Amino acid sequence: MTESTVLTMRGIDKSFLGVRVLRSVDLDVRPGEVHALVGENGAGKSTLMKILAGVHTADAGTITLGGRAVSFTHPLQAQHAGVATVFQEFNLLPDLSVAENIFLGREPRRRGMIDRRAMTKRTADLLSDLGVDDLAPGAKVGSLSVAHQQIAEIAKAMSQGADLVCMDEPTAALADAEVELLYRLVERLRERGVAVLYVSHRLREIFDLCDRITVLKDGELVDSVAAADITPDDLVTLMVGRRIEAAFPEPLPDTDHGDVRLEISGGGNAWLDGIDLTVRAGEIVGLAGLQGSGRTEIAEAVFGIAPFTRGTVAVDGRPVKLTGPRKAIAAGIAMVTEDRKAHGLALRQSVRANARMVLDANRRAHSRARVERIPSILSSLDLVARGPDQEVRYLSGGNQQKVVVAKWLATEPGVIVLDEPTRGIDVGAKHRLYTAIRALAAEGLAVLLIASELIEVIGLADRIAVLHDGRIAGELPAGATEKQVMAYATGRSPR
Amino acid sequence: MSRLRSAAAALAGGGTGTVFALLIAIFAVVAAVNPGFFEAPSLMAFLKQAAPLVILAAGQYFVIVSGNFDLSVGALVGAQVVIAARLIDGEESRTLPVIGLMLLFGAAVGLANGLITTALKVQSFITTLGMLLVLYGAIRLWTGGAPTGSLSESFREAGRMGIENVPLLGQIPWALLIMLALGAGAVQLMRTRFGRVLIATGDNELATARSGGRVDTVRTTAFVLSGLSATVAGILIGGFAGVSAQVGEGMEFTVITAVVLGGVVLGGGQGSVVAAMGGALTLEALFTLFNQLALPASLRPSVQGAIIIAAVAYAARQRRLTSRKPQREARPLTATPS
Amino acid sequence: MHRTRQALAAAAAIGLLAATACTSETPDEPAPEDDQSTAESGDEWFDQAEYDRQLEQRGIEPEGDPAAPWLQAIEPEWVDTAEYAQEGGDHTVCFSNASVSNPWRVTGWITMQQQVEVLQDEGRIGEFRHSDAADDDDQQISDIQAFVDSGDCDAIIISPSTTATLTPAVETACASGVPVVVFDRGVNTDCAVTFIHPIGGYAFGADAAEFLVDELEPGSTVLALRILPGVDVLEHRWAAAQEVFADSDLEILGNEFTGGDAAEIKNIVTQYLQRGDVDGIWMDAGDGAVAAVEAFEDAGQPYPVMSGEDELSFMRKWDETGMTAIAPVYSNFQWRTPVLAASMILSGEEVPAEWVLPQEPITEAELDDYLDRNADMPSLHYAKFGGEDLPGFPDAWRDR
Amino acid sequence: MSVRRLDTTALIYLALLGVVAVGGIAVAADGGNLFSPANLGDMFTRTSLTGFLAIGMTLVILCRSLDLSVGYTAALSSLVAATTMDGQVANIPLGIAAVLLVSGLVGAANGAIVAYLGVNPFITTLGVGLIIKGYLDTQYRGPAGDVPRDFQRFGYDGIAHIPVSTLVMLAVAAAGIWFLRSTRTGHHMYAVGGNIDVARMSGIRTDRTLMTAHILCGMCAGLAGLLLASRFGTGSAEVYTNLYELDAIAAVVLGGTLLLGGRGGVAGTVAGVAILAVLDTVFNVLQVDPFAKDVLRGAIIIAAVAIYARRQIDRSARRPRFTAADAAPTPGRPA
């Protein structure tokens, strides 16, 4: 690279549990450019970004920032080196004001005292500088909308005088109106010569905002092109690429799907609207869509965590009021949640205890026979553990997930909702899960599969419902192409 | 087999190991100072007098492992003894009905603690602190400041008497048998669905709720159990030593200390009920040791405080290490019926 | 890294101990070596002159009607109170009570209230206000100040929760010009019109100790049970006992703090019995005495020679078992005297400057008599409460 | 400060007003006057002691810690003060210095054990309390030392019915408010109590913050000890039996500070202390039975916290996309 760069990454390697997630990746970001980092989930975008942020450390490769070679072992080092990262989970204290959060740990002082006037003023300047006029420096973060919290995050990043700002799916949780805000923000950064590394799925945004686009696939660099030189369709092709045929189990001939087991009509709540969806026995229905499009919200509604407030749900023809997990479980619904550490597992309890948690918690689900089946379920999933008494916190992500799946299979559900079942687990475990999921369908379960990895949805689902902004944008049959799905998901008409 | 392994693992890591090691160490010193202590009669006497705290510890364990505190047990123990004395007032015939009433009262207090904590979302520390004040005041209001009435002989049987003339042992105190029975019961209870949901609740409330666990219900039940254990402790203490105005004072702190000494983590989700009871036994053994060593009475609190801090600090360190140290070679889990 | 932190923590902890240790270098601290629990505290609390005086007072015949011991006085120095005399009988009397946190005080408090009713019916006093400090010295100081500031009190009665700490407050009360009556525990000032108390802690402790010395063979072993350290009235009892035991041939096994908790007492005695014979028990207060006796029963040991207090539970046990015992008395009837004194002062009658009430232990001989008198009283009632002639008797004390 | 926190504090002062009003009416109904100079003076006096302890307690609780040893520290401090001053006016400064040193060291020990040895604060401070208790019982039997008259003025004198001790307490409270607002360390206590990981990510030395909170809490207990000494005219080991620590915690929580840390402040605590003091005075004037006092206190504390709990904001507020209004009309039966 002859021209000056803020960031140069060369030959970055990274593996987790022996699985290579990044293979000698190169990346160059120039000052004042908005650089898109795209690729399917699991392509390695987030890992690359976390390495840059000092959350992970690369196994091999060099990072050069503003001409100096660096290697981070702690987020603070990255911050001090001028890399600011806005993660999806926020790093703000809800009880403190915007200004207090932005300057936390670096409060401006006058004669040793915190200079609140200066703090407020600098925050105000910073915000107006970023073109944000509707965010009071004194407002308590906990009372802000997600968008404004995100702006606060970005402002915090800015205030550290970063010359590279990384944003991981910044619009994931935003509604369209708020996205505009973010656009303006990014523009300002560009004007001020700050480089932005921008991870997103939304093609529209990418083409609206970005100067260059770097495409990752399966942990490898596919290409790095100027946004002007490529059409959205070509970009999608680049992202999807020529597929090394992933070993997905053969779908059953879709002739003999059984009766409708799950039927949602007109389902809606604060995040969803007009959801009509049916899943038949033996059928796998995939829910595709971008972050924040409403996939997870459907799962939560079906499981009674954030119930539908409009419309009706019927299981095996019987209408049910899914007002809470117990109701859902009683109705024969199971749910493998997205964030297994927070919602799925009691980490300090044993494999056995976790696997029987649902049975233990629900008298009607509990039976000696089911409890005795657990070990065979676990071994059928090829769980790798020291023994049934090992605490699950010591298991690998994939094996933790197997425990979560097992605890739900133990209840012999009629409908199972899988929300990102393979998030952050290694390829081997993935394939086990794929076969397991197929097997479940074969046993007559209705499977509702949510995965941000299109390839999974396409490879597994008999039918794909694509969500966009809380509504079902369209349904596609098995064997649909990723381009078709992307088309609906990115809010463009398919053809 | 696997259970054996787990037992070993449990003893190796965390506070559980620490407490039994400490117990053995203390007993060793006691034995050195006064071998006679381990003759049946004095050992039985020790266990008889330790029983109430052990039972309280079991009760407190349920509350702590589900992520709460119960500071009201000391006041409750005192209240129960006073209630018994006033209501029985020396009438043998009233003994059983009154005991029944006490159990109801204990359960009611626990229920109140539980509901205020879960339904009104008041931190258990405050709930039970308030309950402590209420009980302390109410009971004295009721008796005009000092206990009245007297206990019946049959009421005192449980705490004071035992099975006499047992070969080798002499007297086996009822208190010991009750302690063993309730201890076994507690261990069994933790093996039931309730116990599993309870400890899971203390570990990860959200995950438990999403598994359909009735989080609030089990927590409330834990408080009820604590209230009942305080009642039984009251019956035993009242039986052991009769009525006095100071019964139970400060016991809440002693028992929480005992449970934590047993490696049960404040905040919930970790620790076994056996270890909690072991902690209580250790604490009682410690007091005995002080007495055996004729340690200046006024100096004892200092030594006690130092030992407790040291033990808990050591346990905390152990936990940190075990959670860091690489796990032993994992292999595919073959179906072994649990 | 981790190690240095622990070192740091250790250092801080040591610093703490060091600092606390150095504060003990102040003159009135005992040298560290006599930190023996047995030798403990005696030195500091023992006042030879006062000790001799109290022991002597036990032998002196008090002035006044033996039927009303609460009005008797030993070697009174009568002082004129004309200056405080007031017209009419509607005087407001204020009473700052340390607490009613133990049965002895509860019994006394009832007696006092009964006495007040009588005086009110007789029209000798009007309103009777009281405040209770729940054993909190600071609280009681505020209570007394509140009485003074209110300006409504024609006389202030104070039962101090601790001698030294209440002194300044009592002085402020005196300074306000209203007559002040102090009883039970004293204060380090004689500004009060009268200070009412039984002979005292030395006498109590000596009565008990002498009895043990007389009844026990030389070389016998005695266990001392104490409630808690640092409370003057209790420390005086122990100091006197140590004095008596010092020139006897009794072996003191140890002195233990029990908090007055029966369970603790029984537990401690049991352990001593397990280690060897205990021939005598000395107690600085009767609370939980029965538990100590039971420890002997349960251990199958012969009853000890014992000193308790005139608490009925103990006296009844003593009667049942026929053991050799004595009930030293810290005259509970003293609770009647202060209100009487106040009414006398307000009508200008003379009162003793220091009103020393008789304090006689209950012996084997009087046991039955006192048990009969208090036949239907609760077990935590005190035999010498001296309220038999009050109208409320017996219900007021029985059904609280 | 941010709007919401002002809200809470305001609420608590409203609660205080309510208590005063109800108390005043009750007393009036009883034929007295709660607002007579005497009663006001009494109220103020009762705030000082708990005030000192509660201000320090606020700091540690904000850091999601706890200090159950303050009662013992105060007792120790009263003795250190009295024995060091030993009746000599000249020794007063020395005495004060000694107290602050000793109490600060106790706090440092607490902080170090919590921050570096990872022992739960409940156990740590309970243990340290026991250690001090043993020391006091062994070294001091009952009152010791002698406080010169001039220093007793601290506990007894007043300026226009407001006791000096209360004024000092309010001054310390003001200092505390300033400390939390205007110094980094103070400000960081909110972060440490709110989310220690975020605090670390922001480069805050969380261990030091925790230490500081405990040291200051110890020193506040030292001030309480000085007040006790000046009121007693001597030092007293006995005071640890009064469970001042629980009063202090109750006051802090009444003051709207979250027991789990990260939210609250000294201003609220002062109100909490005042509420308890008003109750005490009212109970006294009304001659409420001492045991009934405990019952009422307990009930009031629980009730107050239950009310605050109602006002917790939902942290995981997800912004709704559809409101019932803009939702497309859905055919069929409502769910």
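Here is a short chat about a predicted model and some of its chains.

Colleague: Let's start with chain C. How many helices and strands are in chain C?

Modeller: This is a predicted model. Its chain C holds 14 helices and 13 strands.

Colleague: What percentage of chain C counts as buried?

Modeller: Chain C has 400 residues, and 58% of them count as buried.

Colleague: And what share of the contacts in chain C comes from residues 24 or more positions apart?

Modeller: Take the contacts in chain C with a separation of 6 or more. Residues 24 or more positions apart make up 75% of those.

Colleague: Which domains does the assignment give for chain C?

Modeller: Domain 1 covers 3–15 + 30–55 + 201–326. Domain 2 covers 64–199 + 332–361.

Colleague: How many Å separate the centres of these two domains of chain C?

Modeller: Over C-alpha atoms, the centres of domain 1 and domain 2 of chain C are 31 Å apart.

Colleague: How many residues does each domain of chain C put into the contact?

Modeller: Domain 1 of chain C gives 8 residues, and domain 2 of chain C gives 7 residues. On the domain 1 side, helix 7 (201–215) and helix 8 (232–246) of chain C each give two or more.

Colleague: How do the residues on that domain 1 side divide?

Modeller: On the side of domain 1 of chain C that touches domain 2, there are 3 nonpolar, 1 polar and 4 charged residues.

Colleague: What follows helix 12 of chain C?

Modeller: C:Gly348 follows helix 12 of chain C, and its phi is positive, near 75°.

Colleague: Now chain C against chain D. How many residues does each chain give to the contact?

Modeller: Chain C gives 47 residues and chain D gives 47 residues. Several elements of chain C supply at least two residues each, including strand 3 (128–132), helix 5 (137–150) and helix 6 (163–175).

Colleague: Which element gives the largest share of the chain C side?

Modeller: Helix 1 of chain C does, with 11 residues. The chain C side as a whole divides into 15 nonpolar, 17 polar and 15 charged residues.

Colleague: What about chain B with chain D? How many residues are in that contact?

Modeller: There, 38 residues come from chain B and 36 residues from chain D. Helix 6 (124–143), helix 12 (251–261) and helix 14 (300–324) of chain B each give two or more to the chain B side. That side has 25 nonpolar, 9 polar and 4 charged residues.

Colleague: Staying with chain D: how far does helix 3 reach?

Modeller: Helix 3 of chain D, residues 70–85, has 16 residues and reaches 22 Å from its first C-alpha to its last. That is close to the 22 Å expected at 1.5 Å a residue.

Colleague: Why is helix 3 of chain D described as largely enclosed?

Modeller: In helix 3 of chain D, 16 of the 16 residues are buried, so the rest of the structure largely encloses it. Next comes D:Asp86, with a positive phi near 50°.

Colleague: I clicked on D:Val270. Where is D:Val270 found?

Modeller: D:Val270 is in helix 12 (residues 266–285) of chain D.

Colleague: Is D:Val270 buried or exposed?

Modeller: D:Val270 is buried, with 28 other C-beta atoms within 10 Å. The cut-off for buried is 20 or more. Leaving out residues up to four places away in sequence, D:Val270 touches D:Gly51 and D:Ala173.

Colleague: Last topic, chain A. Which strands pair with strand 11 of chain A?

Modeller: Strand 3 (residues 34–38) of chain A pairs with strand 11 in the parallel sense over 4 bridges. Strand 12 (residues 220–226) of chain A runs antiparallel to strand 11, joined by 6 bridges.

Colleague: What stands opposite A:Arg212 in strand 12 of chain A?

Modeller: A:Ala226 does. A:Arg212 is also the bridge partner of A:His35.

Colleague: What lies in the turn between strand 11 and strand 12 of chain A?

Modeller: The two strands form a hairpin with 2 residues between them. A:Asp218 is in the turn, with a positive phi of about 45°.

Key: Residues are numbered from 1 along each chain as its sequence is written. Chains are lettered from A and ligands numbered from 1 in the order in which they are written. This is a predicted model: local features need pLDDT of at least 70, side-chain atom pairs count only at pLDDT 80 or more; totals for chains, interfaces and linings use all residues. Domain bounds come from an automatic or database domain assignment. Two residues are in contact if their C-beta atoms, placed from the backbone, lie within 7 Å. Ala, Val, Leu, Ile, Met, Phe, Trp, Tyr, Cys and Pro count as nonpolar, Asp, Glu, Lys and Arg as charged, and the others, Gly among them, as polar. The expected span of a helix is 1.5 Å times one less than its number of residues. A residue is buried if 20 or more other C-beta atoms lie within 10 Å of its own, exposed if 12 or fewer, and partly exposed in between; C-beta atoms are placed from the backbone. Two strands pair if DSSP finds at least two bridges between them.
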